[in-house]
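Hello,

Here is the structure we talked about. Please open it first, then read the notes below with it on your screen.

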Amino acid sequence: MSIEKFQNIESAAVPIPIENVDTDQIIPARFLKATTREGFGENLFRDWRYDKSGNPKADFPLNNPKFSGAILVGGKNFGSGSSREHAAWAIHDYGFKVVISNFFADIFKNNALNNGLLPVQVSDNFLVSIFKAIEADAGTLIKVDLEKQEIRLLATGESEFFQITPYKKECLLNGYDDIEYLLNIKEKIAQFEKSRT
Amino acid sequence: MAGKTLFDKIWDAHVVDKIKGGPSVLYIDKHLIHEVTSPQAFAGIDSRGISVFRPEQTVATPDHNVPTVDQHLPIKDELSRFQVNKLTENCEKHGVTLYGLNHPYQGIVHVIGPELGITQPGMTMVCGDSHTSTHGAFGSVAFGIGTSEVEMVLATQCILQPKPKKMRISVEGELSEGVTAKDVILYIIAKITASGGTGYFIEYAGSAIRDLSMEGRMTICNMSIESGARGGLIAPDQTTFDYVKGREFAPKGEEFNQAVEKWRKLKSDDDAVFDKELVFEAADIEPMITYGTNPGMGAKIKDHIPTVEEVDPATRESYKKSLAYMGFEPGSPIEGREVDYVFVGSCTNGRIEDLREVVKFVKGRRKADQVTAWIVPGSKQVEKQANEEGITAALEASGFKLRQPGCSACLAMNDDKIPEGKLAVATSNRNFEGRQGPGSRTMLASPLAAAAAALTGRVTDPRNIN
């Protein structure tokens with residue numbers, strides 16, 4: 001098994017300018033009863049997206065036809081709370097390839113990276129620029145170049161370098177997963193066990 | 001060379017390898033699993049055609065979606081039943097110990113680990129649940145992981161993990177009467193915010209922490225994640241050793257004495273350097289409660305909800321959204337609001353000591369008629385002990401009813417849902433929108449404050465009830 005290779009993208013973005021978007025909002029607990037990884041996109045942001053009768057709430061960005069694209073932009077402390085990887089699966093399953101915020105919760109960031117979903121952490125100012133650009137033109141394009149570790153607002157040319165460890169970058173670009181890495185060093189792990197007793 | 005922190009000592013002793021420009025390969029001593037975050041991990045190793053590397057180091061129990069009534073009957077909800085059966089199937093297939101729904105050791109993973117002596121000082125522990133930080137109360141490095149990482153542990157007993165930064169939070173002095181461990185951690189999170197701990201592992205120290213029981217320490221470490229911290233830990237001491245001694249899977253006899261000798265060395269060196277240090281005064285802490293939709297939105301029960309002007313301008317929009325969800329007016333008093341539900345339970349406050357606190361408080365009184373009060377013990381052992389100590393009978397005499405063990409209304413995966421619009425005072429750990437059921441509203445507080453709310457039917461400072 002491996003993850004999908006990450007391709008550089010140029011896409012419009014869906015803005016959710018709210019802070020502390022927790023994983024309970026991304027995918028509520030009552031939808032965690034599945035035993036496979038697929039299909040969670042259907043219930044992404046379920047209670048913000050639909051009313052209790054299941055009708056789409058018109059004012060939620062995912063229901064607004066003017067917003068589209070493979071990039072999701074959230075406010076500070078995105079993905080906080082529960083460790084449920086289902087949150088990363090839901091965002092990816094819906095069709096997003098990149099999540100942008102000025103601050104991610106640790107577990108969410110790891111989960112996203114383990115599923116080929118790229119978390120791009122930008123500065124506070126750059127996040128404001130992104131939200132402003134989308135407000136001015138919902139179709140504005142954002143370019144994310146993983147090789148260069150660069151995010152660019154095409155309309156204004158504003159760009160910023162983003163952090164990712166060389167190891168994770170390599171994994172995403174080549175579609176490697178951590179489990180393969182660990183399986184390859186199983187002997188070393190067994191030796192470590194022996195050295196402790 | 002500067003000394004090492006307790007966290008460094010445990011972490012460094014478990015590093016198998018370090019990837020250049022990447023994470024460490026961290027060896028895991030104990031792995032806890034439950035029905036919700038493990039099925040995809042088992043499916044992963046099955047599809048790779050491999051077996052569980054060290055099955056004896058993983059322990060399983062169903063807790064998240066199980067019903068809290070009629071546990072002797074087949075689970076009614078089809079999806080929950082399927083998921084719980086899947087756990088049984090996976091454990092049988094891979095030789096993993098399972099404490100199933102009717103086993104005397106079943107319960108919330110973070111309650112059974114400590115009470116069975118599985119959790120011990122100096123260990124690394126993980127579980128596909130963010131409240132794994134609970135086990136840090138014993139001086140272990142314990143944290144929540146995602147399902148891909150659960151698969152890594154099943155496959156290799158290791159995970160790839162970047163090393164977090166270190167923070168020390170000291171609480172000095174003595175806690176006042178009526179102030180509990182829950183108030184301490186709600187106070188800390190209110191001070192540092194729901195993201196103030198992100199990127200860090202927290203060591204809790206200071207005389208007020210030292211004076212806490214193991215149950216209290218677990219409550220503190222449990223909620224580390226609510227500040228964004230990956231985990232929290234407390235150096236083990238005599239209180240820890242006394243708690244571990246004699247438990248089912250704890251070392252016995254001479255082995256125990258030898259273990260204690262090793263455990264005594266588990267503390268931060270005097271000259272250890274932390275990336276961040278905070279000190280709070282115990283005397284400043286009073287009974288706390290949350291009023292918003294993240295655990296950082298907490299205040300003293302006697303205080304008022306902050307006005308919009310009192311919050312950081314950058315967060316005002318989110319603040320207004322949060323209070324609109326709660327139906328609370330900025331600047332209004334917290335105390336006196338009518339309460340519909342009271343929930344005592346969860347991995348934060350579902351241990352025997354929590355139930356004892358509640359019963360001490362409500363014994364001989366009656367709960368308010370309009371309040372529905374759910375008391376959910378954290379495990380079968382807690383339930384048994386509550387029966388034996390007369391807690392169950394006393395609570396029933398006061399109009400409360402004990403349910404059967406599980407995560408229950410903390411995350412409302414089962415039928416224990418707070419109805420839309422209703423207000424609950426809960427001893428659990430999250431007040432997110434809809435956390436306790438779609439449209440439910442949650443105020444997090446200590447077992448004492450929950451008991452006080454049950455008696456008066458209103459948000460009440462427990463010190464005002466004698």
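**Inside chain B**

All of this comes from a predicted model. Start with strand β10 of chain B, residues 200-205: 6 of its 6 residues are buried, so the strand is largely enclosed by the rest of the structure. Look at its two faces. Tyr200(B), Ile202(B) and Tyr204(B) are buried on one side. Phe201(B), Glu203(B) and Ala205(B) are buried on the other. Both faces of β10(B) are therefore covered, since buried here means under 20% relative accessible area.

Which strand runs parallel to β10(B)? Strand β9 of chain B does, covering residues 165-172. The two are joined by 6 bridges. Within this pairing, Lys166(B) stands opposite Phe201(B).

Next, go to helix α8 of chain B, residues 214-222. This helix is mostly covered, with 9 of its 9 residues buried. Among them are Met214(B), Arg217(B), Ile220(B) and Asn222(B).

**A buried glutamate**

Now find Glu226(B). It sits in the loop between α8 and β11 (231-233) of chain B. Is Glu226(B) buried or exposed? Its relative accessible area is 2%, so Glu226(B) counts as buried. Its side chain makes a polar contact of 2.6 Å with the side chain of His131(B).

What else does Glu226(B) touch, leaving aside its neighbours within four places in sequence? Besides His131(B), the contacts are Ile189(B), Ala194(B), Pro295(B), Asn429(B), Arg430(B) and Phe432(B).

**Where chain B meets chain A**

Finally, turn to the interface. Chain B brings 68 residues to the contact, and chain A brings 55 residues. Together they bury about 5000 Å², with 58% of it on carbon and sulfur atoms.

Charges meet here too. The rule finds 9 salt bridges across the interface. One to look for pairs the side chains of Glu151(B) and Arg37(A), at 3.5 Å from N to O.

Several elements of chain B each supply at least two residues to the side that touches chain A, including β1 (15-18), α3 (78-94) and α11 (316-326). Which element gives the most? That is α5(B), with 7 residues. By class, this side of chain B has 27 nonpolar, 26 polar and 15 charged residues.

Best wishes

Notes
Residues are numbered from 1 along each chain as its sequence is written. Chains are lettered from A and ligands numbered from 1 in the order in which they are written. This is a predicted model: local features need pLDDT of at least 70, side-chain atom pairs count only at pLDDT 80 or more; totals for chains, interfaces and linings use all residues. Side-chain values use heavy atoms; hydrogens and water are left out. Contact means heavy atoms within 4.5 Å. Buried area is the accessible area (1.4 Å probe) that two parts lose on being put together, summed over both. A salt bridge is a side-chain nitrogen of Lys or Arg within 4 Å of a carboxyl oxygen of Asp or Glu. Helices (H or I, at least four residues) and strands (E, at least two) are DSSP runs, numbered from the N terminus. Ala, Val, Leu, Ile, Met, Phe, Trp, Tyr, Cys and Pro count as nonpolar, Asp, Glu, Lys and Arg as charged, and the others, Gly among them, as polar. Buried means under 20% relative accessible area, exposed over 50%, partly exposed in between (1.4 Å probe, protein chains only). Two strands pair if DSSP finds at least two bridges between them. A polar contact is a pair of N or O atoms within 3.5 Å; within protein, one must be able to donate a hydrogen and the other to accept it, and residues adjacent in sequence count only if both atoms are side-chain atoms.
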